Amino acid sequence: MTAPLTVRALTAADAPAYRAVRLASLENDPAAFITTAAEFAARSLPDVTAQLAPTELAVTFGAFAEADLVGLLTVACESRPTLAHRANVFGVSVLPAARGRGAGAALLDAGLAQIRIWSGVTVVLLGVTETQHAARRLYERHGFTVWGTQPEAVQGAGGVVLAEHHMLLRV
């Protein structure tokens with residue numbers, strides 16, 4: 001029997017666990033992210049800690065199996081007046097050992113609930129590379145639709161170039 005998953009907003013106290021999971025995600029699936037593992041590994045723990053604290057405009061959620069952090073998702077609301085109707089989802093990852101247990105859906109549910117609290121937000125945006133089929137299906141199950149595809153959006157290891165699907169959800 002597997003432990004039930006819980007999802008909550010992460011705080012500065014979660015920075016060491018966040019750093020470990022984020023780095024593992026970047027190493028395990030580099031095609032899913034714009035940030036490289038080397039870039040992230042070079043960041044100091046105080047820098048990561050400062051970024052992790054929830055603000056009025058951004059919250060990072062973690063999925064936990066008992067006490068172990070197994071998944072991440074960040075939502076951020078735009079601050080500029082002409083863009084304040086938009087929120088973004090990014091940095092979504094679930095460790096391979098925890099996949100298939102609903103962590104991604106639970107994280108997305110928590111992120112969308114947070115976005116719906118933000119006054120004036122009418123649209124949620126995210127990007128998913130063409131190789132991330134499971135992630136795209138998750139987003140589509142939550143009502144996101146592709147509004148455009150950027151060819152040659154990301155150049156990964158070994159020079160592999162990937163397209164990125166831009167997705168939208170009206171809230």
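The dialogue below goes from the overall fold to single side-chain pairs.

Me: What pattern does the protein chain follow along the sequence?

Reply: Please bear in mind that this is a predicted model. The protein chain has 5 helices and 7 strands, and read along the sequence they give β-α-α-α-β-β-β-α-β-α-β-β.

Me: What radius of gyration would a compact globule with 171 residues have, and what does the protein chain have?

Reply: One sets the computed value against the globule rule. A compact globule of 171 residues would have a radius of gyration near 16 Å, and the protein chain has 16 Å, so the two agree. Along the principal axes, its C-alpha atoms fill a box of roughly 40 × 35 × 35 Å. Of the contacts with a separation of 6 or more, 62% are between residues 24 or more positions apart.

Me: How much of the protein chain is buried, and how much accessible surface is there?

Reply: A residue counts as buried when its relative accessible area is under 20%. Buried residues make up 40% of the 171 residues. The accessible surface comes to about 9,000 Å², and carbon and sulfur atoms account for 56% of this surface.

Me: How many salt bridges does the structure hold, and which side chains meet in them?

Reply: One looks for a side-chain nitrogen of Lys or Arg within 4 Å of a carboxyl oxygen of Asp or Glu. The structure holds 4 salt bridges. One of them joins arginine 8 and aspartate 14, at 2.8 Å from N to O. Another pairs arginine 86 with glutamate 78 at 3.9 Å, which lies within the 4 Å cut-off and therefore counts. In a further one, the closest N and O atoms of arginine 136 and glutamate 140 are 2.9 Å apart; both residues lie in helix H5 (residues 133-141), 4 residues apart, about one turn of the helix.

Me: Is aspartate 14 buried or exposed?

Reply: Aspartate 14 has 11% relative accessibility and so counts as buried, whereas arginine 8 is partly exposed at 36%. Glutamate 78, at 21%, counts as partly exposed, and arginine 86 is partly exposed at 27%.

Conventions:
Residues are numbered from 1 along each chain as its sequence is written. This is a predicted model: local features need pLDDT of at least 70, side-chain atom pairs count only at pLDDT 80 or more; totals for chains, interfaces and linings use all residues. Side-chain values use heavy atoms; hydrogens and water are left out. Buried means under 20% relative accessible area, exposed over 50%, partly exposed in between (1.4 Å probe, protein chains only). Helices (H or I, at least four residues) and strands (E, at least two) are DSSP runs, numbered from the N terminus. The radius of gyration is taken over C-alpha atoms; the globule rule is 2.2 Å times the number of residues to the power 0.38. Contact means heavy atoms within 4.5 Å. Accessible areas come from the Shrake-Rupley method with a 1.4 Å probe; for residues, only the protein chains shown count as cover.
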